There are 2 protein chains.
Amino acid sequence: MAKQEFVKEVADINTDFAGWYTDVVIKTDMVDYGPVKGTMVIKPYGYAIWELLKSYVDKRFKQVGVQNAYFPMFIPESYLKREAEHVEGFAPEVAVVTYAGGQELNEKLVIRPTSETIICEMYAKWIKSYRDLPVRMNQWCNAVRWEKTTRPFLRTSEFLWQEGHTVYASQEEADQDVERMLNIYIDLAEKILAIPVLSGRKSDREKFAGAVATYGIEAIMPDGKCLQAGTSHNLGQNFAKASNIRFLNKDGILEYGYSTSWGISTRLIGALVMVHGDERGLKLPPNVAPIQVVIIPVATHKEEVIIKSKEVEEKLSNLGIRVKLDDSKNTPGWKFNEYEMKGVPIRIEIGPRDIENGVVTIVRRDSLEKSQIEFDNIEKTIPELLNDIQNNMYKLAKQNLDNAIVECDDFDTLVKEVENKKVVLAYHCGDSKCEEEIKNKTTIKTRVIHSYDENHKCVYCGKQSKYRIYFGKQY
Amino acid sequence: MAKQEFVKEVADINTDFAGWYTDVVIKTDMVDYGPVKGTMVIKPYGYAIWELLKSYVDKRFKQVGVQNAYFPMFIPESYLKREAEHVEGFAPEVAVVTYAGGQELNEKLVIRPTSETIICEMYAKWIKSYRDLPVRMNQWCNAVRWEKTTRPFLRTSEFLWQEGHTVYASQEEADQDVERMLNIYIDLAEKILAIPVLSGRKSDREKFAGAVATYGIEAIMPDGKCLQAGTSHNLGQNFAKASNIRFLNKDGILEYGYSTSWGISTRLIGALVMVHGDERGLKLPPNVAPIQVVIIPVATHKEEVIIKSKEVEEKLSNLGIRVKLDDSKNTPGWKFNEYEMKGVPIRIEIGPRDIENGVVTIVRRDSLEKSQIEFDNIEKTIPELLNDIQNNMYKLAKQNLDNAIVECDDFDTLVKEVENKKVVLAYHCGDSKCEEEIKNKTTIKTRVIHSYDENHKCVYCGKQSKYRIYFGKQY
């Protein structure tokens, strides 16, 4: 096959994983660098993935009664200062508008790094009584955090995300919300993106600035690093107090509301690339593949081949499958490489001999297995195959996750294991200072709590344990 | 009915149209003012309308081969200066980020007022040969234009919109694109929003800053003012030259690309409110009504009424109709007023007597006609009725549009007619200076060209006419 003419190459996934990642996202036309440092252009192939995952969660949100809305991206600088931890958390990374409409502004405007402060301000205005509760809104928007080191999708100055914000009349309902939304994120990761995750509460040190508790989902990359892929925050009454969100409860007493917030962002696309990719490039699970099936006619000059290819395209398209027929002038070999690199789950090859035999040739991207199916079985077999690929990709990723986790009780071993691309499950005292020391010494951080347990010793300081928690390096 | 207890009131639509508009959009929970002057919060009831119209055009875009993408909102200040007319057009209204991440920036960043400059920069990088063309991308995003006078939806510092940007290998294809996208906007306005529009080319004075020609759709409001509801720009080679978008054509010669851009924004929601509303508030065409049918049980304490109401809700919901059952404790009278104000196309009342008679009572929002339909006919009748309301609302709006247009050949009469809430069709010389004088004297502007005609005299300066064009005041 004409492999020599396929000029796009990706760095070696085993020896240069970071280079491999960049090559893949750039060369498959998912993303490009924007002109301003740290910004990205999400190209159609990357954006289509975002649209697919967005449509899944958006539907789930609506099913549980969340409503979409849109809040301004300009936040008066003073708002950010209302909640003490919050301002500390975000002040160093905000972008600020100082003049507009040809004039210096009286009050500087921060571009939302997250919208708790401005949304709570509006909620304070709207909410009067328990009858107004719960309020549950979500917005799909851009947000800005000025980061020193950036990488497409994983960490960019401007990113796309959804942020949901709620207020409830009781802590109990807020607790339920935090769990409900976390579960939606787990489903998104596991059922749609085929990414198994670790989920649970984060340590106090790692929680969101201003939250009472943060829950998160963590995906593990092939290089052993963890990637926070979604968070659900229990804000308690912190933001309600800072923004004065009060409601008359059923007993006629003014009470502060109980709020939550939760979000996922375009960095999920980065996780998707890393978890599934291989030396040939992307490998996309069918549920978020912009092209689920590519049809490549072999011998495009033969009319019968093109006719048959179009027939197959129509059949699959009628089933709602995202199919592309590539009858361009590139060689079949070039196309094979191109769509393998783009991670298209199924390739169908149709040549004169296939037509004679009443079959088409199928190549699965996940296993690279080649087989033939009868033309008349296409409508039955292809959907089954897509389903099988989705499950198979999850299964493989789950094995990798399981293999990446080791338990250990000794700090030196913990450090070695992490260096060895592992995520370590160990006991910890729960003290932020102890965690801080670990981080400063090793760049290793805690990820999510596995289980509460006071019967062991902290892996680092030796004091009584509070919980068992995952340790790892992070993206 | 308990009208007295319904405390939300709107200003008189005949004597205070501006006050009526603000009351309606605020009191129906479509929108609220943001904390920063000129910004708005789009609340769920308003945002749901945006989502519905967005889903219609997005589908149309995809059908004609446009792909969604996302470009950074930060534009280096220097980019805006590349195209001379463009910088003049937008410089006075941009918002500028001067520091970020705790540091003063080396180059100031403009927040996109529109993205021609940054998208063309990327296109210049991506496009090499005619084989790369056409490129047709669209993005749904926020944009910022710092306006002195703002009104929710109609003119806000930050707004939501879609902006499509294309590059073609020939002027002819670009011309076709401009027309194709304009036609999608006409369909959106007429078929979905039930808003009849005037459409056509704008005068040179009124075109987009940097375009060769701008085409637009104009809706006429009850106060006789025109509202530009969508634009499609032919950019010729202007931006390609400014950004150096060149491709090797089929003859192997480097040539500048031919580009277009086109957009609609959240101001369409403002048009929707004004065109259809009446003294009771909003009146929404079924195709974009977040709630198409509201069910109001009369005598909510009776179990049979609630059971029947839920049955109807389920029947309609199964048909894909957006239905809401309001079994809250407010009085029926309060609910009637509430959903009339919210413009819900159909109200179904269900009371004990209705149940006895095997019927439900129906009230159409467009005509306020009351009727009864048999319970067993609901699934047949309601969809027909929604369809009829949609058509009827368009018909009425079309009559209003037709009645608003007068022809005249004399400038004094033109001014009087415009003062009298009319849009005037008159001959004009096409000279921007002549147009400028008219505007400075009267605030009247040209809207879109009706037809080319050189056989008459300009209504203002008396020189030879170039075309017949609509004149009016604008939002």
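**View 1. The contact between chain A and chain B.** In this predicted model, 39 residues of chain B are in contact with 39 residues of chain A. The elements of chain B that give two or more residues to the side touching chain A are β2 (40-42), α2 (44-63), β3 (67-68), β4 (74-76), β5 (95-100), α5 (116-126), β7 (135-144) and β8 (158-168). The largest share of that side, six residues, comes from β5(B). Sorted by class, the residues on the side of chain B that touches chain A divide into 25 nonpolar, eight polar and six charged.

**View 2. The strand pairing between β5 of chain A and β5(B).** Strand β5 of chain A, residues 95-100, pairs with β5(B) in the antiparallel sense, and the pairing runs over five bridges.

View 3. The same surface serves both copies, since 100% of the contact residues of chain B recur in chain A.

**View 4. The packing of α2(B) against α6 of chain B.** Helix α2(B) packs with helix α6 of chain B, residues 171-192, at an angle of about 145 degrees, and the axes of these two helices are 10 Å apart. The crossing in which α2(B) passes α6(B) is right-handed. From α2(B), the residues B:L53, B:Y56, B:V57 and B:R60 meet B:I184, B:L188 and B:I192 in α6(B). By class, this contact between α2(B) and α6(B) has six nonpolar residues, no polar residues and one charged residue.

**View 5. The contact between domain 1 and domain 3 of chain A.** Chain A is divided into domain 1 (17-276), domain 2 (291-386) and domain 3 (405-472). The centres of domain 1 and domain 3 of chain A, taken over C-alpha atoms, are separated by 27 Å, and the contact takes 16 residues from domain 1 and 17 residues from domain 3. On the side of domain 1 that touches domain 3, the elements giving two or more residues are β9 (198-201) and β10 (213-220) of chain A, and β9(A) gives the most, with four residues. That side of domain 1 has three nonpolar, five polar and eight charged residues.

Technical notes
Residues numbered from 1 in each chain as written. Chains lettered and ligands numbered in written order. Predicted model: local features only at pLDDT ≥ 70, side-chain atom pairs only at ≥ 80, totals over all residues. Contact = placed C-beta atoms within 7 Å. Nonpolar A, V, L, I, M, F, W, Y, C, P; charged D, E, K, R; others polar. Pairing = 2+ DSSP bridges. Axes fitted to C-alpha atoms, helices over the stretch in contact; angles between N-to-C directions. Left-handed = near helix turned anticlockwise from the far one by under 90°. Domains from an automatic or database assignment.
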